[in-house]
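Here are some questions about how the parts of this model are named and joined. Each answer sets a value against the rule it rests on.

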Amino acid sequence: MPIAPIVTEVFAPLVEMHAKLVGKPHLRMTYVPHPISRVPAATCRKYIEGNDPVTGRPIIDEIAEALTQPLSGEEKRTGIEERLVPRLMGPDTEENLHRLFFENKMTDFLPIVLPTEEKVAEMLKGTSHPPDEVVGELRSGYEAGSFTVEKVAANAVMAGAKPGYMPVILAMAASGVAAIATSTQSFARMIVINGPIRNEIGMNSGIGAMSPFNQANSVIGRAATFMSINLGAGGVPGLTYWGSQGNTCDYNHVTFAEREEDLPPGWKPYHVQKGFKPEESAVSFFHGYSLWHWKNTYEKEKHKAILRMASWNLPSGAYQSGFSLLLDPIVADDLVREGFSSKESLSEFIHKNTKVTLEEFWQYHLVEGWTLPAAQKGIEPYASWMKQPGDTLINRYRSPDEISLFVVGGRTNDFWQVGDWRPMGSFLIDEWR
Amino acid sequence: MISVVNPRGQFPAVQQAPMATRLDSLNKKTIYIVDVRWPYTHQLAEEIRNVFSERYPDTKFVIREKTGSYMEDDPKLWAEIQEQGNGAILTVGH
């Protein structure tokens, strides 16, 4: 059946690329000015009666022709287009290869280490897995790429990794979670490492753990960026990345190790909370936007201040939201003194005491975009919520499991940070040793 | 001169797909206008219907909202259009 698709003009490069990927490179698109969301009807009418801002042709004619103009030979074409990636790049000078990586947008635009065969072979010593083993698929842009252990090693070399980091980087790659996504929303990831490998590779979980003062912390997050770009075909603004403002968290995805040695008695490491053994190592991914910290509160008791912060956050009935606490060990000790004998007890306290009225809930932008359609489709509990009065109170977070706690820091001050980070999954590192 | 390992992943081959046969004209046809439900863009679909109804009075234009959010598929609607329509205009946000 003939279709006339209409998209706003800003996405023309994306449409052109995507049409090729789905084997319809001559898709008959019509573009209208951007944006159209919340634009009055009268303006929309002017748009439709005007010209396509990309082609300059009348929009009405374009739509009608999209449905009625006979197909050209190119539009009827069939066949298969292979896209084989050669194993090696070069030979060339180092200078030219560096330029090639930059020009092809294969980096984060900081200097990289060129992944020569020698350096990649050295990196491969960090895992027992053979170089040609297929690790999995990663989708950062608009298609999923498959890749081998050697490809992961090449990205690890580029990022400046040591061979010892390979099990972590391979586990991240095998997870299928891309560190960089395509969305216009500029969301990001947080990456947390737990278990013995933290100390084996010298990760910093103490003073300055979240700052750029440690090779493993810095490089593991950076490798996640390179894998998203190169293995997952993402990270090209205006083509495979559309975050309107971008996100500084993308530089290394808030990568840190939990300070397990400084957990109060009764507080489990995050990966143990998720079912791993203490002697196992795991990497956990989180989806979110930002971190903010305690200075916006005035309560003297930590749990009350934390509760205030948790009460500002997007309700997690909405699309992809959660709440994470990154606590200095001093703060964790204070919370124990305030009665929280486990991480779970604090998560449950926050879950129980952060309510939102349905009237407020339905006003959130992401609720309108994601939850309201689900409710209208009959998905519970949202469908039932639509029938209830506006002053009905619901939990801001769907479950205590969406409220994550980590201890990180060096006991120099009783600081903490919170963020809207939602768990995406925890993955075993040890199988990639 | 040196060579380096290409860090790019391997992406699947692209199967070229012929486009659907076009209509001889819009006259006497039923054209669905599908709003994919990007928030607050329904007015564009409505104005397309209004403008095209004036321009093509012998064509029936039917506006339908896809169910679910803009990223969800709606096979039932596609089946309905296939059965009852002759073509479709799809509006996508933002």
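Q: What makes strand 4 of chain A and strand 1 of chain B a pair?
A: In this predicted model, three bridges join strand 4 (residues 88-92) of chain A to strand 1 of chain B. Two strands pair if DSSP finds at least two bridges between them, so these strands count as paired. They run antiparallel.

Q: Which residue of strand 1 of chain B is the bridge partner of Asp92(A)?
A: Ile2(B) is the partner of Asp92(A).

Q: How many residues of each chain are in contact with the other chain?
A: On chain B there are 51, and they are in contact with 78 residues of chain A. Residues are counted as in contact because their C-beta atoms, placed from the backbone, lie within 7 Å. Strand 1 (2-5), strand 2 (14-16), helix 1 (42-55), helix 2 (75-84) and strand 5 (87-91) of chain B each supply at least two residues of the side of chain B that touches chain A. Helix 1 of chain B gives the largest share, eight residues.

Q: What is the make-up, by class, of the side of chain B that touches chain A?
A: This side of chain B has 25 nonpolar, 19 polar and seven charged residues.

Q: How do you know that domain 1 and domain 2 of chain A touch?
A: Chain A is divided into domain 1 (6-76) and domain 2 (102-293 + 421-432). Their centres, taken over C-alpha atoms, are separated by 38 Å. Five residues from domain 1 of chain A and four residues from domain 2 of chain A make the contact. On the domain 1 side, the residues divide into four nonpolar, one polar and no charged.

Methods:
Residues numbered from 1 in each chain as written. Chains lettered and ligands numbered in written order. Predicted model: local features only at pLDDT ≥ 70, side-chain atom pairs only at ≥ 80, totals over all residues. Contact = placed C-beta atoms within 7 Å. Helix = DSSP H or I, 4+ residues; strand = E, 2+ residues; numbered from the N terminus. Nonpolar A, V, L, I, M, F, W, Y, C, P; charged D, E, K, R; others polar. Domains from an automatic or database assignment.
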